[in-house]
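Open the model in your viewer and colour it by secondary structure. The stops below say what to select and what is there.

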Amino acid sequence: MQMFTKIFFLLLICTFFFSCSCASKQRKINNYQIADNISQKDAKKIENLNDEVERKSILLGADKIETIKTIAATRNVALIINQTSMLSDNKTHLLDTLINAGVKVIKIFAPEHGFRGDADAGESVKNGVDVKSGLPIISLYGKNKKPSPEHLKDIDLVVFDIQDVGARFYTYISTMLYAIESCGENNVEMLILDRPNPNDTIDGPVLDINKKSFVGSMPTPVVHGMTVGEIASMIVGEGWAGEKKCKLNVVNVDNWSHGDPFHVAVKPSPNLPNDLSIRLYPSLCLFEATNVSVGRGTYEPFQIIGFPDKKYGDYTFTPKALPGFDKNPLQKDKLCYGYDLKDDVSTKGFSLKYFLDFYNKSDDKKSFISRPDFFDLLSGNSLLRQQILSGMTEQEIRESWQKDLEDFRALRSKYLLYKDY
């Protein structure tokens, strides 16, 4: 009897632990975590389930083909597009879809990085022909940043569909501004197919119009918290594209509001390969005016930072010429020391913490910002550089742009197309 009791309790304990284990595994599966009893391949599918549900629920402007067809009917159409101009299935390109739908597409305009998105930052993009469609591709980067009257003489409608990342110095919105200006001057209508903003916050200094350039073409903060459709409406409404107002229409996104997360499935440029790099980009881009590497020439650009000096950190990497990322990166073939930011889950908007950290470790602070003019264009003023050189803290610097941010928020509210946060 005593032996039977021991066996009974032993079986009871085993049953309890087995049930807990199964429940634990089931909970992990339901929370899209990797469970022990499924393959890595299946686990990855489960982990991505949330993103897939999100992508299916959000309807992009480019998904509304019937609306686009109605607006484009009988018109000669030019597209400003690149590799991000995909429908929500991330398999179908807008160009192919419109051609198959009978829209009369005449030509393609390509922004920085080109139609296929494989040109390096700052690399000249040449005119060409799209092999698949046979359509001419006209570059809007390099010497020619604005469609000319000759480019638009046979065009009735220009359609813009490019994924932006919400930072003022990301040049796709400058391309859009110049296109709006040209359309207004040449009596051509413009249609914006809207997409969510993956960096949907408002932060950083507002651009001083005296520092206007292709990396800062309008008086917004570094991160503006607007979609391209909302910015386009602001450009026209505020007269930033000249006196001749362009007739503008926006095809809105459905099932998205400001503050909602958005996964960018196709990398918008060679050195923004994932969501983390996109999130850190606004805070790391100022390093581009220094000799500090932001990871160009590695498979982790804008996720690591470093310089060939041990005092900058323990993490090491060596930039190399990498096709599809950067062919001639800063600090090429040199061992750099710094930080691995891939575990950074808190930095968003526009932060100076990493820039000031490296600046304060520098032995030659006066020359740390090696390209001061370019730094001023990126920051949108000359004040930020002076504040850094004078030794101000990030908090002190941030306080100096709060009034301008309040004014911008009031202006922004006039042009919002989606529920605000």
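Axes are lines fitted to C-alpha atoms, for helices over the stretch in contact, and angles run from 0 to 180 degrees between N-to-C directions. Helices (H or I, at least four residues) and strands (E, at least two) are DSSP runs, numbered from the N terminus.

This is a predicted model, in which local features need pLDDT of at least 70 and side-chain atom pairs count only at pLDDT 80 or more, while totals for chains, interfaces and linings use all residues. Residues are numbered from 1 along each chain as its sequence is written, and side-chain values use heavy atoms, with hydrogens and water left out.

**Whole chain**

The chain holds 14 helices and 12 strands. Of its 421 residues, 51% count as buried, meaning under 20% relative accessible area with a 1.4 Å probe, protein chains only.

**Select 172-185 and 228-237**

These are helices α7 and α8, whose axes come within 10 Å and cross at roughly 40°. The two helices are therefore oblique to each other, the class left after angles under 35 degrees (roughly parallel), over 145 (roughly antiparallel) and 65 to 115 (roughly perpendicular). Which residues make the contact? Show Ile173, Met176, Leu177 and Ile180 on α7, and Val228, Ile231, Ala232, Ile235 and Val236 on α8; contact means heavy atoms within 4.5 Å. Nine of the contact residues are nonpolar, with no polar and no charged ones; Ala, Val, Leu, Ile, Met, Phe, Trp, Tyr, Cys and Pro count as nonpolar, Asp, Glu, Lys and Arg as charged, and the others, Gly among them, as polar.

**Select 304-307, 315-317 and 336-340**

Next comes an open sheet of three strands in the order β10-β12-β11, paired antiparallel; strands pair if DSSP finds at least two bridges between them. β10 (304-307) and β11 (315-317) stand at the edges with a single partner strand each, so one side of each has no neighbour in the sheet. From one strand to the next the twist averages 40°. Three bridges join β11 to β12 (residues 336-340), and Thr316 has Tyr337 in β12 as its bridge partner.

**Select 275-284**

Is helix α9 buried or exposed? Eight of its 10 residues are buried, so α9 is largely enclosed by the rest of the structure. Among the buried residues are Leu276, Ile278, Tyr281 and Leu284. The buried residues of α9 pack against β8 (223-224), β10 and α10.

Conventions
Buried means under 20% relative accessible area, exposed over 50%, partly exposed in between (1.4 Å probe, protein chains only).
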